[in-house]
Structure formats: C-alpha cells, structure tokens
Amino acid sequence: MIGYLPGHSPLHRAHPYTTLAMAGALLLGAFALTQPLEVWLLVLAAATFAAVGGVLRASARTALVLSLPIWALLFVLHGMLGAEPRMMAGPFALSVPGIARALVLGGRVTAIVLGFLTALATVSPHRLVEAMTAGGVPFGRTFLLASTLTVLPRMRERAAQILEAQQCRGLRLGGSPFARLRALGPLALPLVLGALAEVDEQVLALDARGAASTARRTALDPPPDSRAQRALRGALLILVAVAYAWKFWRMRG
Amino acid sequence: MTLRDLVLVRLGVAVNLVIGQIVAALLLPVYLDSVGTILVAALIGPRAAITVGLVSQVLNAVISGNFSWLPFAVVQIIVALYAAAAARLGLFRRLSTAIPAGIGMGFLAAACSAPISYFLFGGVTAGGVTVVTTLLRAVGAPLGIAVASASFATDLLDKAIACALVSVLLRSLPRTLAARFPALAP
C-alpha cells in the first residue's frame, strides 16, 4: 500500500482540496465515460496527474498490484465468457464485445485507483486537517477522519491479543464453516465490549481538551489557497457535469 | 452529534474494519463489514450509523488503496437505516428475530449492491462474490442473473450473521453499560 510521500511537486504544494478535487473528478469521470478510447484517455490523464505529483512510479506500481486481479477476473468473465461474435487470440476464443467491455471496466478501475493513490501520496494528512479547520469544518468531522486512523492499529493489536488468548484457552479456528462461525463470538465479543466500556473515559478525555466547544478553531498553519485553484476546482465540477450530460444525451440518442 | 456519539461512531468504524481481520483469520466466506454500522444504529440511531457506514467505506478505501468501490457506500446507508428501524422494533433482542431481520437486510443490501456491481463494474468486484458470479456464468447463467444470484447469496448470509452477532453483543452488555444507552431501554 501507499501512504503520503513527502515532496515539493505542484500537487504537494497545492491546496489539499485542489488535489482531492482532481482525484474526485477522475472518479466521477470514470463512471461517465463508456467507450474504451475515452476511458483510456482518462487513464492517461490519471498517469499525468501522478507524474505532475512526482509519484508516477510508486502510484503506478501499487495501482498495478491492485488492478491486476480485477483485470484477470474481467478477462475471464467478459473476455472468455462474453457474448458472440468471437475472435481467436492465441489459444483463446475471445468475445469481441466482452473484450471491449473489459477494457472500459478495467480502465475505469485503473484510472480511479491511480488517481486516488496519487492524492494519497501527495496530500499530507496534517495539511488536510489544517485546511479543513481553516475552512470552518466542524471539529467532529476532522476528528472522525484523523483519529479513527490512529485507533485502528490499537484495535487490530487488541484483536490479535484476544485471538492468541482464546487459542491458549483451547479455541480452535479450524474445522467446518459452522465450527469456525462459532469461534467468532469468543473473538468479537471481548473486543467490542472492551471498546464500549472505554467510551465514557474517552469522552471525558476529549471534553477536557475542549473538543465539545463549538467555537470556530484557528488553524495554526493553513495551506494557502488561491483564486486560480478555486477556479480550477470549479472548472473540474463543470467538466464532470458536462461529461454526465454527454453520457445521458448519448443514452437518449 | 454529541461528543459521546462521535466516540461511538469512531468505535463503530473501527469495529467495521477490524472484524474483517477476525473473519479472515477464521476463513469464513463472509465479510461482516457492517457489524459496527448495525451496532451503532442500535445504540444511537440512524444518523450516527450512516456516518459510521460512510466513514468506514472511505477509510477502507484509504487503507486498501482501492477507491473504486466507493459507490458501494450507498449500501452502507441502506444498512444503517434498516438497522435503526429494526432496533426500534426490538428485533435485536432475540436471535430468533435478529436472524430474519438480517435476512431482510441482506435482501435489501443485495438489491442495492447488485445493480451497482452489474452496471458500474460488469460484475467484477470483491474476490469471493466474483468467483461465484464467474462459476454461474460458466454454467450458462446470463451475466445479470449471475451477478444478482452471487450478491443475494453472499449478502443474505453476511447480514444474517452480522445481525445475529450484534444481537449477541447487545444481550452480553453488562447492565451498567447498557443503562448508558437510552435506545436499549425496553
């Protein structure tokens, strides 16, 4: 997997909302386009996006790893099991419309994954939180996104501890599906009940830090935004709207 | 949303994501990625549960790197609303009502996820479901039928187990802890 990769590219310097808007436009655009050529132009746009961010190699490698199983399944489900007519490609008799559909669907997934991996690699979580705070986003939303990521490793660790402890007490994880299902209770119950018991303690700790305050917070180091970036975000929105208008107009035709 | 609700939402998201780890260790043919959503719906209500579902979907994408499944966030909203209604009717109080409630939830979730899977991804989504779809397609089922059958088979089982687990969890809450949640009052 890929995380934030520090750098000085235009995407690293851009306002986090601008980079996320580009990734979002790729996601929405991918579902608006329905022809193989259009979708592959979008993949090219996603690759350019990654290159501008200076993370093309890292993003493309991870995107490839994530997309390959989907490509393989698309090849089988649409290429090999698709509708007539067929063409021979080596030992395979491939469906012509199936391959065209697989190219659209596979390109769609590749463009989305590449776009968001680039955003993940170039948007610093700290700058995103600062941008949200400066933008007046309520504390609750920033808290949810930022703090859940820190809670996860702790809960995973606890889940692993419970698993080992229950195995020491004789819990068997193998056997029939029903036997394995019965093992779910002794593993999930202590994990969730333990976490629920800590809720009030966590509320008190947050309250003591002023988290319940509704006053607007001041960001210490808000990322600079500019008129050009706001215009770019607006243009992306219009572009996506045009892509969908075109899609529905073609569907009517 | 109160501070307490926020902490519970965060817990719900973590449960959604971590239960998957346990399920993987047990090699069960289900996902159980909505246990946290159902639990929060029963403890607090629909608004918090919808937040749990949406945040889980986004964080799952951030953690796995696969953002193409974001459209399935709609399913989480359906699950949250249904779970809140089921909790209000007291269906999680007994296993005998929680499991049928889970089957109903699975029916709705599949009815929502199958079209997304078919129209947006051509039936190729998560590994297990797609393998079932491919097998059905290989024996001659039309793609739409194969996708729908695979979605219904997996979602009915998944949501029935998830609701049963939440029912057991709620009944296992110590009285002192259960008393802190007004929604659980009989």
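Tutor: Start with contact: two residues are in contact if their C-beta atoms, placed from the backbone, lie within 7 Å. Helices here are DSSP runs of H or I, at least four residues long, numbered from the N terminus. This is a predicted model, in which local features need pLDDT of at least 70 and side-chain atom pairs count only at pLDDT 80 or more, while totals for chains, interfaces and linings use all residues. Residues are numbered from 1 along each chain as its sequence is written, and chains are lettered from A and ligands numbered from 1 in the order in which they are written.

Now helix 3 of chain A, residues 36-52. It has 17 residues. The expected span is 1.5 Å times one less than the number of residues. That gives 24 Å, and the end C-alpha atoms are 24 Å apart, so the two agree.

Next, its sides. A residue is buried if 20 or more other C-beta atoms lie within 10 Å of its own, exposed if 12 or fewer, and partly exposed in between. The buried residues of helix 3 of chain A are A:Val39, A:Leu42, A:Val43, A:Ala46, A:Phe49 and A:Ala50. They cover an arc of only 115 degrees around the axis, which puts them on the same side of the helix. The arc is taken from the directions from the helix axis to the C-beta atoms. An α-helix has 3.6 residues a turn, so residues three or four places apart point the same way.

These buried residues pack against helix 2 (16-32), helix 4 (56-80) and helix 5 (96-122) of chain A. The face turned away from the buried side carries the exposed residues A:Leu37, A:Leu44 and A:Thr48. After helix 3 of chain A comes A:Gly54, with a positive phi near 70 degrees.

Definitions and conventions: Helix = DSSP H or I, 4+ residues; strand = E, 2+ residues; numbered from the N terminus.
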